[in-house]
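Work through these exercises with the model open beside you. Each task is followed by a stepwise solution.

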Amino acid sequence: MSKSRLVLISGPAALLVATSLAWAAGRSDSDGFTPLFNGKDFAGWTVPQGDGGHWKVVDGMIDYDAQSESKGDKNLWTDREYGDFVLKLDWRLKEAPFINKNVPYILPDGTHAKDVHGKELKLALPDADSGVFLRGDGHYQINMWCWPIGSGEIYSVRMDPKTSPEVRAAVTPSHQADKPVGEWNHFEITVKGKTVKVDLNGKTVLAGATIPDMPDKGRLALQHHGGKNSAGEWAGPPSLVQFKNIVIKELK
């Protein structure tokens, strides 16, 4: 007759086992964070109808090739809505094959630099593009891309003519904190009321932007961007992107 043995695990190994069990069960960890992605499938997410398998799970990561076949919305949305929260996730742009000839030179106040003739300065740079939609609306998107201003800005708010100078400056990253294309980045996004704070790779890039018309709650989304033309070439910066370690803590 075989005998069962009780194996006691301590130290870092015990922490790893406990964390893995919490993720598998969808429970909150000791800091109150709950996994939004289980590393195995899209439980808790809505895959675009008719996507054709372009949003997929590969080696414990969400992988996207920017070629969703959906006839409608191509973004990947959470099933649940969220109000106030702290969201953490790791992301990386796999490659940046598109040369964007219209990357603006963005000033600290969120406006675009101009030459002596008053024409906006444009840069031609390799580019890829994705982001995280907040409160159910792409207008409130935390950008991920290759622009010199860096990831973490809220582009649509910054570019909105109705946005005040104070808010425009607040949604513009204070500095560039991205790692090179192909390397992993870490976002920590805090949303309280109408205020958004963004840390990228341990550095605060948005200290706290208060956006007056931001909804009180809504779903989150991982953004689709780009597509190919009839010649099979990228017609815009594509979302060649991966995500992992997505966790959220709801704030009461």
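Patches are made of residues with over 30% relative accessible area and no salt bridge; like charges are joined within 9 Å, and nonpolar side chains (Val, Leu, Ile, Met, Phe, Trp, Tyr) within 5 Å. Accessible areas come from the Shrake-Rupley method with a 1.4 Å probe, and for residues only the protein chains shown count as cover. A salt bridge is a side-chain nitrogen of Lys or Arg within 4 Å of a carboxyl oxygen of Asp or Glu.

The model is predicted: local features need pLDDT of at least 70, side-chain atom pairs count only at pLDDT 80 or more, and totals for chains, interfaces and linings use all residues. Residues are numbered from 1 along each chain as its sequence is written, and side-chain values use heavy atoms, with hydrogens and water left out.

**Exercise 1. A surface patch**

Task: Find the residues that make the nonpolar surface patch of about 240 Å².

Solution. 
- Step 1. Tyr-105, Leu-121 and Leu-123 make the patch.
- Step 2. Strands (E, at least two residues) and helices (H or I, at least four) are DSSP runs, numbered from the N terminus.
- Step 3. Classify Leu-123. Buried means under 20% relative accessible area, exposed over 50%, and partly exposed in between (1.4 Å probe, protein chains only). Leu-123 has 31% relative accessibility, so it counts as partly exposed.

**Exercise 2. Strand β9 and its sheet**

Task: Explain why strand β9 is largely enclosed by the rest of the structure. Then place β9 in its sheet.

Solution. 
- Step 1. Count buried residues. Six of the six residues in β9 (129–134) are buried, so the strand is largely enclosed by the rest of the structure.
- Step 2. Check both faces. Asp-129, Gly-131 and Phe-133 are buried on one side, and Ser-130, Val-132 and Leu-134 are buried on the other.
- Step 3. Find the partners. Two strands pair if DSSP finds at least two bridges between them. Six bridges join β9 to antiparallel β10, residues 137–145. Here Asp-129 faces Trp-145. Two bridges join β9 to β14 (residues 218–222), again antiparallel. Val-132 stands opposite Leu-222 there.
- Step 4. Inspect the turn. The β9–β10 hairpin has two residues between its strands, and Arg-135 takes a positive phi near 50°.
- Step 5. Write the order. The open sheet has five strands, β2-β5-β14-β9-β10, with antiparallel pairing. Its edge strands are β2 (45–46) and β10, each pairing on one side only.
- Step 6. Look at the β2 end. Two bridges join β2 to antiparallel β5, residues 76–82. Thr-46 stands opposite Trp-77.

**Exercise 3. Strand β4 between partners**

Task: Which strands pair with β4?

Solution. 
- Step 1. Take β3 (residues 55–58). Four bridges pair β3 with β4 in the antiparallel sense. Val-57 has Ile-62 as its bridge partner.
- Step 2. Read the hairpin. Two residues lie between β3 and β4, and Asp-59 in the turn has a positive phi of about 50°.
- Step 3. Take β15 (residues 241–250). Three bridges pair β15 with β4, also antiparallel. Tyr-64 faces Val-241.
- Step 4. Check burial in β4 (residues 61–64). Met-61 and Asp-63 point one way, Ile-62 and Tyr-64 the other, and all are buried.

**Exercise 4. A buried arginine**

Task: What does the side chain of Arg-92 contact?

Solution. 
- Step 1. Locate Arg-92 in strand β6, residues 85–93.
- Step 2. Look for a charged partner. Lys and Arg count as positive, Asp and Glu as negative; His and the chain ends are not counted. Arg-92 is buried yet has no salt bridge, and the nearest side chain of opposite charge, Asp-63, is 6.4 Å away.
- Step 3. Look for polar contacts. These are pairs of N or O atoms within 3.5 Å; within protein, one must be able to donate a hydrogen and the other to accept it, and residues adjacent in sequence count only if both atoms are side-chain atoms. The Gln-242 side chain makes such a contact with the Arg-92 side chain at 2.8 Å. The backbone oxygen of Gly-182 lies 3.0 Å from a polar atom of the Arg-92 side chain.

**Exercise 5. Salt bridges**

Task: How many salt bridges does the whole structure hold? Examine two of them.

Solution. 
- Step 1. The search finds nine.
- Step 2. Take Glu-250 and Arg-80, whose side chains meet at 3.1 Å, N to O. This pair links distant parts of the chain: Glu-250 is in β15 and Arg-80 in β5, 170 residues apart. Glu-250 is partly exposed at 34%, and so is Arg-80 at 43%.
- Step 3. Take Arg-158 and Glu-153, with closest N and O atoms 2.5 Å apart. Arg-158 is buried at 1%. Glu-153 is buried at 0%.
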